[in-house]
Amino acid sequence: MTRIIRSFMAALRYRDYKPRPLTWLAAKRWVMQFEKNDRRLAERLLDKVIYISESRAREILVQQNAALMKRLVAAGLRPKQFIYVSVHDAGSSSPVMLNLLRDAAGLEKMGCRFVDAHDSMRLIKTMNEVGEGALIYVDDFLGTGNQLCGERDFVANIMVGTFSEFVLAPSICEEAIYEISRRGLEAFTGHVHSKAERPLHENSPLFLQGEKDRMELICKGINRVGPLGYKRLATMVVLYRNAPNTVPAILRGSQNQTPIRGIFPRSTDLPVPRVI
Amino acid sequence: MPSLNPTKPEVPQLIPAGVLLQLSIDEVKPSFNNPRHLFDADQLDELKKNIAEHGVLVPIVVYQAKGQSKFSILDGERRFRCVRDLVGEGRTGKGGEPLKLPANVVEPPTKIAGLLYMFNIHNYREGWELMPTALSLKIVMQDLGTEDNKALAKLTGLSDAQIERCKKLLKFPEEFQELSLDPDPKTRIPSNFWIEALPVIDLAMGTSETIRRMGRDLATGKLVEKYREKKIKSVIHFRRIMESYEINQDDLPAREKVLRRVEEFFLKPNLETRDAFDEFVVDKRRVLSALAACDGFLTELQRFRLMYTSNDEERKNLQIALRRVQDYCESLWNALEGRDDPEAQQDRQ
């Protein structure tokens with residue numbers, strides 16, 4: 001009975017997960033596929049997921065952006081001098097977050113500018129036009145921060161004018177905070193994801209060592225290469241649009257969801273639907 | 001737009017804000033151009049030892065961009081790195097206080113001053129693409145209203161040759177320039193591609209009616225496709241095309257053939273550079289090298305004034321050596337006359 005209630009609660013919490021919306025039956029099936037002794041552990045892990053729904057992501061972005069704008073305006077800059085930069089390919093999370101923010105905060109009306117970091121020529125032209133202002137890199141989640149920092153380092157090499165630089169994201173791992181700080185960028189985020197919040201991370205006290213080892217073994221059975229996610233970050237933040245590649249494999253499931261189904265499969269983990 | 005006198009450029013200077021601060025490492029933002037290639041590790045170690053012993057004696061120069069809490073470095077990246085390393089190693093000042101960086105705070109640089117600073121960084125970088133420099137140079141030329149190489153060299157620290165190369169890059173439309181700004185080095189077209197391709201495109205546009213009708217951009221696009229398909233294996237191979245043309249300047253039929261091949265090269269996607277042009281270059285280059293070697297040989301021999309050699313044994317050795325040269329030259333002469341007789345040559349040996 002408790003399991004069914006928990007499944008209902010999970011379905012309620014994670015119902016708008018885009019790659020595959022969660023039903024109570026799917027939540028129950030996810031738990032039941034593990035051995036009896038592991039089910040309670042899997043449920044405890046699921047309880048530690050920090051889920052960021054679309055409305056929450058929007059709320060954080062708008063709120064953090066307002067705080068950033070306030071500071072920039074106080075420093076003498078006008079919205080026309082704010083360049084919002086999406087850092088990944090079209091269709092990925094960064095431009096989606098930027099669009100979400102743009103519409104919710106009415107940035108376009110204010111005269112802010114929007115550029116894709118890959119569109120170097122447009123970026124150079126925009127920076128040249130603006131001359132002095134702020135570059136605001138927008139993303140959904142930063143794990144190691146390597147990807148964003150790589151993009152930013154390229155932008156830095158073509159920078160024209162004087163710009164302060166900021167990162168705006170609903171959630172950022174402490175590892176990424178360190179990376180971006182090293183470059184002198186400032187983060188505006190609703191949540192800094194500490195290692196302590198991640199039950200399977202080696203620095204977290206949430207699970208006993210034996211429990212961590214057991215979970216890692218299960219994860220290895222699902223994904224031998226990256227059982228605890230990219231760079232063993234074992235993050236627990238899941239965004240409505242997609243789970244980051246830094247979450248433990250038990251949450252994502254096997255490739256094509258066979259033999260182990262995930263509760264938060266990434267869109268690339270799902271089998272390709274047959275269209276013909 | 002400010003006017004520019006090449007001898008006295010009107011460049012906005014950094015404006016001191018008149019403040020000397022003691023900054024902790026966390027308050028400083030490294031230079032936005034990643035200058036890791038700039039620093040010699042040994043020199044950096046030496047500076048670090050010095051700073052560990054005496055502290056930072058010369059203040060770094062920083063500015064605070066609007067809205068930014070940290071101070072950006074304009075001058076003193078090496079000192080900053082050393083202090084950052086020392087702090088990372090747990091070093092403190094003599095009194096046990098945290099290590100600090102003395103910093104002169106100046107007003108944020110104007111766009112042009114910032115660009116000129118960036119040029120200086122790029123001048124010392126290794127392996128950096130020229131296209132961003134070219135685009136920055138374009139902004140400088142537009143804002144300061146000059147295209148004069150001497151003035152630009154004085155402002156930017158770029159050499160005359162570098163400025164010329166940048167100007168070549170700027171001759172290409174933006175859609176092509178963008179290909180050299182691709183963040184992914186695997187798909188990026190190197191800036192040198194355009195510099196090497198430019199004379200070939202000019203040649204084709206100037207000599208082939210078909211290529212002219214095709215238009216410059218389409219013709220350039222064809223070369224980009226070829227490069228992506230590895231039919232131009234190295235940008236240096238463009239030189240082979242120009243060499244084929246120039247080396248045959250006194251041989252009109254050969255030159256006509258080269259021009260037809262240039263046209264084909266643009267039109268046939270699978271035609272590889274070396275396959276297309278080696279035949280015009282390799283033979284010709286061998287002969288030209290041999291001619292140069294003959295001239296050199298004679299000049300050297302004359303310079304030695306060998307006819308005055310008095311030592312009998314040395315004279316004999318010299319005569320043997322000259323005979324060998326003579327024999328080889330005769331056999332070569334016969335071969336070139338079509339009177340080659342391998343057996344006779346063997347007899348002599």
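Predicted model: local features only at pLDDT ≥ 70, side-chain atom pairs only at ≥ 80, totals over all residues.
Let's start with the aromatic side chains. Searching the whole structure turns up 16 aromatic pairs over all chains. One of them joins A:Y51 and A:F264, whose rings are stacked, with 6.2 Å from centre to centre and 20° between the planes. A:Y51 belongs to strand β1 (residues 50-52) of chain A, while A:F264 sits in the segment after α11 (249-252) of chain A, so this pair ties together parts that are 213 residues apart in sequence. If you go looking for the two residues, are they buried or exposed? Both A:Y51 and A:F264 are buried.

B:F172, B:F176, B:F193, B:W194, B:Y227 and B:F238 are linked into a cluster by ring pairs.

In chain B, the charged end of B:K226 sits over the ring of B:F265, at 4.2 Å from the ring's centre. B:R255 does something along these lines with B:Y245: the arginine lies over the face of the tyrosine, 3.7 Å from the ring centre.

**Salt bridges**

Now for the charged pairs. Over all chains, the structure holds 38 salt bridges. One of them is between A:D38 and A:R214, where the closest N and O atoms are 2.7 Å apart. A:D38 is part of helix α3 (residues 36-47) of chain A and A:R214 is part of helix α10 of chain A, so the bridge ties together parts that are 176 residues apart in sequence. As for how open the two partners are, A:D38 is buried, with a relative accessible area of 5%, and A:R214 is partly exposed, at 28%.

A second bridge in chain A runs between A:R102 and A:D103. Here A:R102 is partly exposed, with a relative accessible area of 23%, whereas A:D103 is exposed, at 55%.

Over in chain B, B:R79 and B:D75 meet through their side chains in a salt bridge. B:R79 counts as buried at 16% relative accessibility, and B:D75 counts as partly exposed at 43%.

Here are these bridges side by side:

| Salt bridge | N to O distance |
|---|---|
| A:D38 and A:R214 | 2.7 Å |
| A:R102 and A:D103 | 3.2 Å |
| B:R79 and B:D75 | 3.6 Å |

Most residues other than glycine have a negative phi, and most peptide bonds are trans.

With that in mind, have a look at A:K231. This lysine has a positive phi of about 55°, although A:K231 is not a glycine. You'll find A:K231 in the loop between α10 (209-222) and β8 (237-239) of chain A. The residue is exposed, with a relative accessible area of 55%.

B:R305 is a residue other than glycine with a positive phi, near 50°. Where does B:R305 sit? Its place is in the loop between α13 (273-304) and α14 (312-336) of chain B. B:R305 is exposed, with a relative accessible area of 59%.

Then there's a cis peptide bond, running from A:T258 to A:P259, with omega near 5°.

**A cavity and a loop**

How many cavities of 30 Å³ or more are counted? There are 2. The second largest cavity has a volume of about 40 Å³. Lining this cavity are A:R20, A:L22, A:A26, A:R29, A:W30, A:R261, A:G262 and A:I263. Sorted by class, that lining has 4 nonpolar, 1 polar and 3 charged residues.

One last stop is A:R78, in the loop between α4 (54-74) and β2 (82-86) of chain A. A:R78 counts as exposed at 51% relative accessibility. The C-alpha atoms of A:R78 and A:M110 are separated by 9.1 Å, with the two residues 32 residues apart along the chain.

Methods
Residues numbered from 1 in each chain as written. Chains lettered and ligands numbered in written order. Heavy atoms only, no water. Phe/Tyr/Trp six-rings, centres within 6.5 Å; stacked < 30°, edge-to-face > 60°. Helix = DSSP H or I, 4+ residues; strand = E, 2+ residues; numbered from the N terminus. Buried < 20%, exposed > 50% of the residue type's maximum accessible area, 1.4 Å probe, protein only. Lys NZ or Arg CZ within 6 Å of the ring centre and 35° of its normal. Salt bridge = Lys/Arg side-chain N within 4 Å of Asp/Glu carboxyl O. 1 Å grid on protein atoms, 1.4 Å probe; cavity = no way out; pocket = protein on both sides within 12 Å on 5 of 7 lines; lining within 4 Å. Points joined across faces, edges and corners; volume = space filled by probe spheres on them. Nonpolar A, V, L, I, M, F, W, Y, C, P; charged D, E, K, R; others polar.
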